[in-house]
Amino acid sequence: MEIQESIRCTIMRGGTSKGVFLHRNDLPRDPALRDRVIMRIFGAPDPREIDGIGGAELLTSKVAVVGPPTRPDCDIDYLFGQVSMVEPMIDWKSNCGNVSAAVGPFAIDEGMVDAVEPMTKVRIHQVNTGKVIVAEVPVKGGRAAVDGRHKIDGVPGTGAKLLLDWADSAGALTGKLLPTGRVTDTLTVEGEGRFEVSLVDAAIPTVFIRAESLGLKGNETPQQIDADKRLLQKIEKIRSVAAQAMGLCKDWRKATQEVPYSPFFATCAPPMDYRDWTTGKKVSEKSVDIVVRLLFMQKMHLTYPVTGTTCTVAAAMIPGTIANQLARKGIGERGELRIGHPAGVIAPEGKVVREKGVFVLKRATVDRTARCLMRGCVYIPKSTLK
């Protein structure tokens, strides 16, 4: 019987996602072998990820590789990967904000960052984007706090509130808050027509479009969107053309293979009533400033991603963008945007100013909860390493 290889492993919930957390020094240095090991850990590619610990769902097939910092102004390095359940690949080109929320607590509990009560500030080098995320993590008894009264939609119960500051995230992948230099662009999409969009890059590049441009009301459920295969094909073509316009790929026809994770795609609508698909409870028009449905990896997000939240609040604070046009008036003065998503509301704070003719992101904070679910070892066949 073949002896298996054991690797330190932690499963963390961060916000509305779950991720497998691994120490960088425990993985092979060769990128190809590293990816093979991680895919074997997840049991990918396989829609059920039955022979691994992957969650068999986009929001739970995520990996975080954490290690000592490679830049002097940070406490740790964090590399994010979206593990495909369909293709033998890991997308390392972007980041997941919800998983990012668990990085600070993980680093504190693993002894990588000194615990300071009642709050420890962790400066995270987000390796995928080269940006810095500042996490404010509540600490109790030398560990990241878990119990608390903070509630986030999409997660049962309550937890300890932690804060992520994404002010350094503008131009995460393209180098510019507005990759084309314009607040709106009109894309010509082969076989589909012309579409007005806003292309914004804060934390993650995102395409913003009016829901009505796609024949949608804007308050559809994930099940309704995902069941419409023709709509998903149209959205992917628009997203692909946008990816080329943002400089993320050279040929839009190859975007699905080359940049499947980013840009995100956000359908926007003005405030309206709808039902939380997870509970059936009413989300009131009065409780939101904009209604958004976000898609990534050709599926609709069941809640709302933190990176997408950061980009959405940044976009809404820029006069003239699609998000700004549809959002409730006065958000700029308030410095807050209540985003109505499929499972409730998320309310980031944001501020964008114009300096020397260029829009500059000054503030973008999102609150989350996170906790460790499992810590131990994961096993893979030794043949994986050959």
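Author: Before we turn to neighbours, one term is needed: contact means heavy atoms within 4.5 Å. Please note as well that this is a predicted model.

Reader: Thank you. Leaving aside neighbours within four places in sequence, which residues is Phe42 in contact with?

Author: Phe42 is in contact with Val20, Glu49, Gly52, Ile53, Gly54, Thr60, Ser61, Lys62, Val63 and Val83, once its neighbours within four places in sequence are set aside.

Reader: How far apart are Phe42 and Val20 in space?

Author: They are 8.5 Å apart, C-alpha to C-alpha, and 22 residues apart in sequence.

Reader: Where is Phe42 placed, and is Phe42 buried or exposed?

Author: Phe42 belongs to helix 1, residues 31-42. Its relative accessible area is 0%, and because buried means under 20%, Phe42 counts as buried.

Reader: Let us change topic. Which residues touch the most other members of the largest nonpolar core?

Author: Those are Phe21, Phe208 and Ile290, in a core of 68 residues. Helix 2, residues 97-109, gives the largest share of this core, with 7 residues. A second, separate core has 33 residues, among them Val189 and Leu232.

Reader: And Thr206: which strand does Thr206 lie in?

Author: Thr206 lies in strand 12, residues 204-210. Thr206 is buried, at a relative accessible area of 0%.

Reader: What does the side chain of Thr206 reach?

Author: The side chain of Thr206 reaches the backbone oxygen of Ile204 at 3.2 Å. Beyond its neighbours within four places in sequence, Thr206 has contacts including Ser198, Met246, Phe264 and Cys311.

Note on methods:
Residues are numbered from 1 along each chain as its sequence is written. This is a predicted model: local features need pLDDT of at least 70, side-chain atom pairs count only at pLDDT 80 or more; totals for chains, interfaces and linings use all residues. Side-chain values use heavy atoms; hydrogens and water are left out. A nonpolar core is a set of buried Ala, Val, Leu, Ile, Met, Phe, Trp, Tyr and Cys residues joined through side-chain atoms within 4.5 Å. Buried means under 20% relative accessible area, exposed over 50%, partly exposed in between (1.4 Å probe, protein chains only). Helices (H or I, at least four residues) and strands (E, at least two) are DSSP runs, numbered from the N terminus. A polar contact is a pair of N or O atoms within 3.5 Å; within protein, one must be able to donate a hydrogen and the other to accept it, and residues adjacent in sequence count only if both atoms are side-chain atoms.
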